[in-house]
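I opened a new notebook page for this structure.

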Amino acid sequence: MKNPGLKTLGILLICAAAVPLVLPGPFYLSIATQVLVYGLFAVSVNLIAGYCGMVSLGHAAFLGIAGYAFALLTTSTGWPLWAAIPAAVGLSVAAGALFGLVALRTSGLSFLMITLALGQIVWGVAFRYVDLTNGENGISMPRFQGLLANGTGLFYLCLVVTGGCLALVTILAGSPLGASMQGVRDQPRRMSTLGYDVWRIRYAAYVLSAGIAGIAGVLYMLLFRFISPHTLSLTVSSEAVLMVIAGGLGTTFGPIVGAALVVLLKNVASAYTDRWPTLLGLIFLFIIVVVPEGLLPGARRLMRTLGAHLATRRGPTAIPATPVKEARP
Amino acid sequence: MISRRGFLGATAAAVSYGALPAMAQQQPIRIGMLTIKSGALSAGGRQMEDGFRLFLRERAERIAGRPVEFIVADTGGQPALAKTRAQELVQRSGVQVVVGPVAAFEALAINDYLQEAEVPFLCCSAAAEDLTQRRQNPWFVRTSSTSAQPCHPLGDYVARELKYKKIVAIADDFAFGQEQTSGFQRTFEAAGGTLVKKLWAPLNVADYGSYISQIGEPDAVFAAFAGANGLRFLRQYSEYGLKGKIPLVGSMTTVDEGVLHSMGDEAIGIISAGWYSAALPGEANERFVAALRKQTGVDPGFYSEGAYSAGLALEHALKAVDGKIEDKQAFMNALRKVDIKDDPRGPWRLDSYGNPIENIYIRKTERRDGRLMNTVIKTYENVSQFWTYKPESFLAAPVYSRNEPTKL
């Protein structure tokens, strides 16, 4: 394994696998599962926003399309889970392929607005097409059987899926395609001069990102078993962008850290204070002021500065200390 | 919040319940409330909490001889968060009954979970028809009404007594507004009237001008709004000069007491229907209104009275089982059989679907003693959610929506 990100991911997955054993109850386990689901959704936003530099404000549409498709296929048409899941993800990939054609005609601020508009269109359909989506009253799914019925099984499923997608994104980021994506982000004109098809690289990333958001949508349904137009709303899209920015744009684990922060604040802090939206705002303000590059890279930078600071303080005494440790048997 | 030690103590006591019934009786009853404290619907959430807290204070925080622990959770008006909050109340705080939530989509999002967890669910606001119709949960009862329950008699009254023939409806474009309008349309048209047009205004619309200009010249306008939207619509209706020209009839929440105090002359003369009015005569209501007015400065309305009734229902059921809420099935059976005589809104009992059979009041908004009031002008007694229709045929039809009963 050459990729250092993958090694870290492996270690983290093993640590995360122990989480159900240490958490005190099913409520905390469901919070941990939520972190994984929203984390995966943030990973999909990060793929397009972090690696390609195109911030999308309509990603909840893909989450919702897969969620609605999954719910409708299993409840109304009675498809089995193994067939409904790929169909739902496929549908959100198809939606991504279609929306990409429209949205990727632009970049920057216009891209932001177009994705916002596309997201609102899908929200409008979910809200208005009552015969299909049951409007604001939403669709509930019956309880699942087997592995999915208990919280621990669902947690491990989400862990495996999120871990798998994260590994995929990490490998992608290290691959030639990933490198060209980051090239397109930093120097689109130069990449174009070098003979790269900028549009096609962006399109590939956008469709892949829609697919990952679709997978997150299926996990969302497995967890909540209820979907209504709120799931497709601008709030959900913008929260995902906030998670990515808070955790660290364009980093492997940043989105998960951001998702953990938002989910914990929403669910744990609100038990202690009524003013939790204010608290959320203050924490984002803190992040922007103190670690504008995001929590994860910011923490790394602060550690480094602190380390360098300590090293200069300690001065020459630190150097002779090292050989002592290397005592051989 | 309960402390960790308190929680452990409660759990330990619950475990030893079989051995020491006398001691368990002194353990607190834990009641959880799901409300909204932030966002557009927070006013309703606050009134709901006020209503329930008033009830608890009047009982000195004791029901059926047992102390009460009251835990409030904020859903932020988001269904996914509502479900997590419900899980938190049940699994972490160990509540024995859930009261609330404000909005129908929240209730629908948590209904399945509470059914699986077998937690009694006392809904005091969310009016979605299907909760007590096509999506029954044996652990669910409601103390408010279905959306259309007050609108059925209103449609009948408007057609037969006010003799309006042509009406234009304008409503919030979400399930509550749609169900209210459909219920009104059904009985109004059955009594010979015609609903010529339905106008749907988005929930967060900034300006009603473009909708008001589409009204045309009907005999009257039916308005179904929730929250502060009624306030804004009525103000613009009067600014556009339609007040006094085309009379208004409204649903309960359009002129709810919770917002009525912010209204002016534009509200005067509106005919509405609801299962409560702060102007109802009777000693129980006068005491309730005075107490809540003293506490919050606002008259009770839909949300606070619904929550207060939930408290009364809880008390009746708990007294029937000697406070033993731990026997969930017996408690639930008692809850479904409550028959309340001393409620501020008048007597009510639950039908076999868990929805109140209650009086529906036709009200007229007037100014008395410098205050706007919904004076009761006619009472329809013991109205059920099915109005005069047979439950079986009512339930065989699809649920009320934007296009049901008829497309317009």
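Before starting, I noted the rule for angles: under 35 degrees counts as roughly parallel, over 145 as roughly antiparallel, 65 to 115 as roughly perpendicular, and the rest as oblique. I also noted that this is a predicted model.

Entry on chain B. I looked up helix α12 (residues 302–320) of chain B and helix α13 (residues 328–336) of chain B, whose axes come within 8 Å and cross at roughly 125 degrees. I therefore put α12(B) and α13(B) down as oblique to each other. I recorded their crossing as right-handed. Next I listed the residues in the contact: α12(B) supplies Ala313(B), Ala317(B) and Ala320(B), while α13(B) supplies Phe331(B), Ala334(B) and Leu335(B). Sorted by class, the contact of α12(B) with α13(B) has 6 nonpolar residues, no polar ones and no charged ones.

Entry on chain A, α6. I then turned to helix α6 (residues 109–128) of chain A, which has 20 residues. From first C-alpha to last, α6(A) reaches 28 Å, close to the 28 Å expected at 1.5 Å a residue. I checked burial and found that the buried residues of α6(A) include Phe111(A), Ile114(A), Leu118(A), Val122(A), Trp123(A) and Phe127(A). Which helices do the buried residues of α6(A) pack against? I wrote down α4 (60–75), α5 (81–103), α7 (130–133) and α12 (234–247) of chain A.

Entry on chain A, α4. I followed up one of those partners, α4(A), which has 16 residues and reaches 22 Å from its first C-alpha to its last, close to the 22 Å expected at 1.5 Å a residue. I counted 13 of the 16 residues of α4(A) as buried, so α4(A) is largely enclosed by the rest of the structure.

Conventions
Residues are numbered from 1 along each chain as its sequence is written. Chains are lettered from A and ligands numbered from 1 in the order in which they are written. This is a predicted model: local features need pLDDT of at least 70, side-chain atom pairs count only at pLDDT 80 or more; totals for chains, interfaces and linings use all residues. Axes are lines fitted to C-alpha atoms, for helices over the stretch in contact, and angles run from 0 to 180 degrees between N-to-C directions. Helices (H or I, at least four residues) and strands (E, at least two) are DSSP runs, numbered from the N terminus. A crossing is left-handed if the near helix is turned anticlockwise from the far one by less than a right angle, and right-handed if clockwise. Two residues are in contact if their C-beta atoms, placed from the backbone, lie within 7 Å. Ala, Val, Leu, Ile, Met, Phe, Trp, Tyr, Cys and Pro count as nonpolar, Asp, Glu, Lys and Arg as charged, and the others, Gly among them, as polar. The expected span of a helix is 1.5 Å times one less than its number of residues. A residue is buried if 20 or more other C-beta atoms lie within 10 Å of its own, exposed if 12 or fewer, and partly exposed in between; C-beta atoms are placed from the backbone.
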